[in-house]
Amino acid sequence: MSPEDIILKVPNQYEKAKESGDLLFFPSTVVRHREPEVDIEFQIRVCPALQKKPQQITTPERAEPENNTVSISGAGQTSGGKASDPFEPPYNGNLYIGELKDENFGDDYVVLLNKYSVVPGHFLLVSKENKSQSSPLLPPDLVQTYKILVAARKTGKKYFAFYNCGNFSGASQSHKHVQFLPIDEGEAGPPIERLARSTNLETPSKPFTISKLPYANHVFRFSSELQYEDEEGLERTLADAFLSLLDLVVSTIRHASDYPAGKPSYNVILTLEHIHLIPRRYETYKIPETVHEVNVNSLGFAGMLLVKSDEELERVKSHGIGKILKGVALESVHEVQVAGTTDDAVTLASSHM
Ligand code: AMP
């Protein structure tokens, strides 16, 4: 199947899956909330129906989750309390969209609808081989993801992609998967994109940071010509950009003396224009003096948080989303990094992989 065919098939298949009961839809409303300190207009999704959703379950690589956690991503499945992998075949026919193969590397992918749908049209690009969600995005992952975004644009739709990497990133499934969410009519992208776009760059081909944000973030801007590149050109640009940002993520983590040993956790947000990597220290944020924990994944950093009640909405708003994001991320060491050398960053990265 081509990426265009994938995109074109999503709406009908979505309706079919919903009617069959294989896809569960959780209605929600979006509340806009501006926080001047971070200069983001957050889109907070209030979804009371999620209170009735089955408890979030983990897959083997992960620890048991806390109660009271929320995330825009959904739950996994279990059989008799034991975690199973929902992304292994046989695939549910109603959730199945199609398959993609990377021409250069031969990697195979399956595209599945998100079974637990809060936003209609949310789908996943899953590696057919069972790779780890703690492993970095590889060139074919990046190329196929970007090609889907380009295909969406060509067919008059807008999507962005995200990847929750590692144990503190908010991922609930350990089988490698990139997720795709449609962008609302009239929106340029997820809320964070406005900040990325408005950042003036002295050197466009270098990573940058959005310095208004109170946490470490590493961003790369693509040329507007990138979407017309062939697979080889895409691979070169995307892989170079991702690696340079990953070097910075690892270097940021290296500056956090209490960061646990092991693979780094980070969130990835990919649009046609930018790729953002945000290193993560914690998966959830406990709002002080309450029992409430907010589970944050890439979507929180994209500017889209999910809550399960109006009460929770008020709690999150009054505490401040910027503060919540800062609490689960790392402190920026951008000043030190721009003063450092690339060689230094590369060495740090390889020692953490
Ligand atoms: P994450 O929580 O970021 O790891 O994302 C996992 C995604 O997979 C979520 O969007 C889930 O709702 C979705 N999901 C969980 N189980 C299934 C399933 N059986 N089929 C399709 N999607 C699923």
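Tutor: Let us begin with the rule: rings of Phe, Tyr and Trp (its six-membered ring) pair if their centres lie within 6.5 Å. Please note that this is a predicted model.

Student: How many aromatic pairs does that rule give?
Tutor: The count comes to 9 aromatic pairs. In one of them, the ring centres of Phe123 and Phe180 are 4.8 Å apart and the planes are at 10°, so this pair is stacked. Planes under 30 degrees apart count as stacked.

Student: Where do Phe123 and Phe180 lie?
Tutor: Phe123 belongs to strand S9 (residues 123-127) and Phe180 to strand S11 (residues 177-182), so the pair ties together parts that are 57 residues apart in sequence.

Student: And are Phe123 and Phe180 buried or exposed?
Tutor: Phe123 and Phe180 are both buried. Ring pairs also join them with Tyr159 in a cluster.

Student: What about Tyr146 and Phe222?
Tutor: They form an edge-to-face pair, with 5.6 Å centre to centre and 80° between the planes. Tyr146 is in helix H2 (residues 139-154), whereas Phe222 is in the loop between strand S12 (218-221) and helix H4 (231-254). Both residues are buried.

Student: Changing topic, which residues touch the most other members of the largest nonpolar core?
Tutor: Phe123 and Ile275 do, in a core of 49 residues. Beyond its neighbours within four places in sequence, Phe123 is in contact with residues including Ile6, Val10, Leu112, Ile148 and Val178.

Student: What does the second core include?
Tutor: That separate core of 37 residues includes Leu213, Met304, Leu305 and Val328.

How values were computed:
Residues numbered from 1 in each chain as written. Predicted model: local features only at pLDDT ≥ 70, side-chain atom pairs only at ≥ 80, totals over all residues. Heavy atoms only, no water. Phe/Tyr/Trp six-rings, centres within 6.5 Å; stacked < 30°, edge-to-face > 60°. Helix = DSSP H or I, 4+ residues; strand = E, 2+ residues; numbered from the N terminus. Buried < 20%, exposed > 50% of the residue type's maximum accessible area, 1.4 Å probe, protein only. Core = buried A, V, L, I, M, F, W, Y, C linked by side-chain atoms within 4.5 Å. Contact = heavy atoms within 4.5 Å.
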